[in-house]
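We will go from strands to cores, then domains, and end on a few charged pairs.

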Amino acid sequence: MTSISDIAKKAGVSKSTVSRVINHHPYVSDETRQKVMDLIAELDYMPNQLARDLSRGKTQKIGVVIPHTRHPYFTHLINGLLDAAKASDYQLVMMPSDYNQELELSYLKQLKMEAIAALIFTSRAISLEIIETYAKYGRIVVCEKLQGYQLLSSAYLDRYSSFVDAFSAMKARGLERLVLLFSRDNESSATYHSALLAYHDVYGQQSNPHMVFGNIHDFNDGLNLSYQLIKDVRIDGVLATSDEVAAGLMKGYEESGKKCPYIIGQENLLVGQLLKLPTIDHKSYSLGKLAFKQALSESISQEVLISEFLSQDN
């Protein structure tokens with residue numbers, strides 16, 4: 001295997017000169033740079049990434065904690081991160097968590113060990129208090145609104161107003177027996193918290209959704225749930241977890257011959273556009289790009305994007 005020493009010997013230069021060429025450092029003449037690059041190509045030399053990180057004194061990797069990719073919110077967010085990373089010298093390291101706190105803690109320890117330069121939590125189970133204790137080892141970005149955490153950056157979505165608009169549209173139609181679907185139906189979910197807050201603000205503090213379901217992610221989840229919902233003819237409105245879930249629900253009602261309730265999807269997906277579904281655009285692709293930008297920033301900040309309800313009435 002070809003080494004830097006081999007390149008330096010054949011080029012008649014020092015190993016440090018070869019290293020400067022590989023790492024695009026200045027102070028190398030154009031003639032020497034071209035000579036070294038030609039030899040690298042001729043000898044099919046591949047720089048050792050670990051060695052390059054050590055020579056720089058830092059790694060060029062950014063960790064991305066992702067619970068799963070079963071929901072389009074996360075796949076679109078990842079696409080935004082990937083496109084932002086393409087324009088940089090940094091690599092993304094995907095760190096699947098499935099909301100396992102021990103796994104999330106192990107990823108924080110990788111930041112401490114300098115295996116990654118920064119860490120982005122797209123969602124989490126571990127507490128913000130624990131996360132913040134690792135901020136001294138590198139930039140940490142969380143995709144949620146923060147209050148009182150001075151060492152963490154935040155790129156988040158304000159979902160509340162879009163949920164208010166969605167529930168207001170349902171109320172204007174006279175819908176009262178609503179079913180709310182979530183990926184996670186607990187207070188640790190920002191979506192769950194914002195949706196219930198908006199529901200009570202529109203329908204009143206004494207009102208409660210007719211039914212609430214969690215762990216609903218995709219088309220098949222929606223289809224399977226429809227078999228249960230069909231049995232309750234009182235249901236007149238559904239806030240689905242995504243447009244794909246909404247499509248699954250509609251398929252189930254169609255197969256049964258039963259009247260489908262009014263359904264609002266989320267994520268503004270192609271399937272929803274084809275079905276002309278009212279939906280909520282959470283702008284997760286743009287959120288991914290924003291989170292990456294913050295991971296590279298020298299300053300700590302909070303930045304917000306506003307979700308938008310699309311009624312599809314036009």
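Strands here pair if DSSP finds at least two bridges between them. The strands (E, at least two residues) and helices (H or I, at least four) are DSSP runs, numbered from the N terminus. This is a predicted model, where local features need pLDDT of at least 70 and side-chain atom pairs count only at pLDDT 80 or more, while totals for chains, interfaces and linings use all residues. Residues are numbered from 1 along each chain as its sequence is written, and side-chain values use heavy atoms, with hydrogens and water left out.

**Stop 1: strand E5**

Select residues 153-158, which form strand E5. Asp-158 has its bridge partner, Ile-306, in E11.

Buried means under 20% relative accessible area, exposed over 50%, and partly exposed in between (1.4 Å probe, protein chains only).

**Stop 2: the nonpolar cores**

A nonpolar core is a set of buried Ala, Val, Leu, Ile, Met, Phe, Trp, Tyr and Cys residues joined through side-chain atoms within 4.5 Å. The largest one has 23 residues, and those with the most contacts inside it include Ile-62, Leu-81 and Phe-292. Elements giving two or more residues to this core are E1 (61-66), H5 (72-86), E3 (118-121), E5 and H13 (284-296). H5 supplies the largest share, seven residues.

Centre on Phe-292. Beyond its neighbours within four places in sequence, Phe-292 is in contact (heavy atoms within 4.5 Å) with residues including Ile-62, Leu-81, Tyr-90 and Ile-120. Another core, of 22 residues, lies apart from the largest one, with Ala-166, Ala-169, Phe-182 and Tyr-203 among its members.

**Stop 3: domains 2 and 3**

Colour by domain, using bounds from an automatic or database assignment: domain 1 (4-47), domain 2 (59-157 + 285-306) and domain 3 (159-282). The centres of domains 2 and 3, taken over C-alpha atoms, are 28 Å apart. Eleven residues from domain 2 and twelve residues from domain 3 make the contact.

How much area is buried between domain 2 and domain 3? About 1,100 Å², with carbon and sulfur atoms giving 51%; this is the accessible area (1.4 Å probe) that two parts lose on being put together, summed over both. On the domain 2 side, show Arg-70, His-71 and Leu-157, which lose the most area to domain 3, together 46% of what that side buries.

**Stop 4: Ser-284**

Ser-284 is found in H13 and counts as buried at 2% relative accessibility. Leaving aside neighbours within four places in sequence, its contacts are Pro-72, Tyr-73, His-76, Leu-77 and Glu-267.

**Stop 5: salt bridges**

With a side-chain nitrogen of Lys or Arg within 4 Å of a carboxyl oxygen of Asp or Glu as the rule, the count comes to five salt bridges. Across the interface of domain 2 and domain 3 there are zero.

Show Asp-83 and Lys-86, which meet at 3.2 Å, N to O. They are three residues apart in H5, about one helical turn. Asp-83 is partly exposed at 31%, whereas Lys-86 is exposed at 67%.

Finish at Lys-283 and Glu-308, a salt bridge at 3.5 Å, N to O. Lys-283 sits in the loop between E10 (279-281) and H13 and Glu-308 in E12 (residues 308-310), so the pair ties together parts 25 residues apart in sequence.
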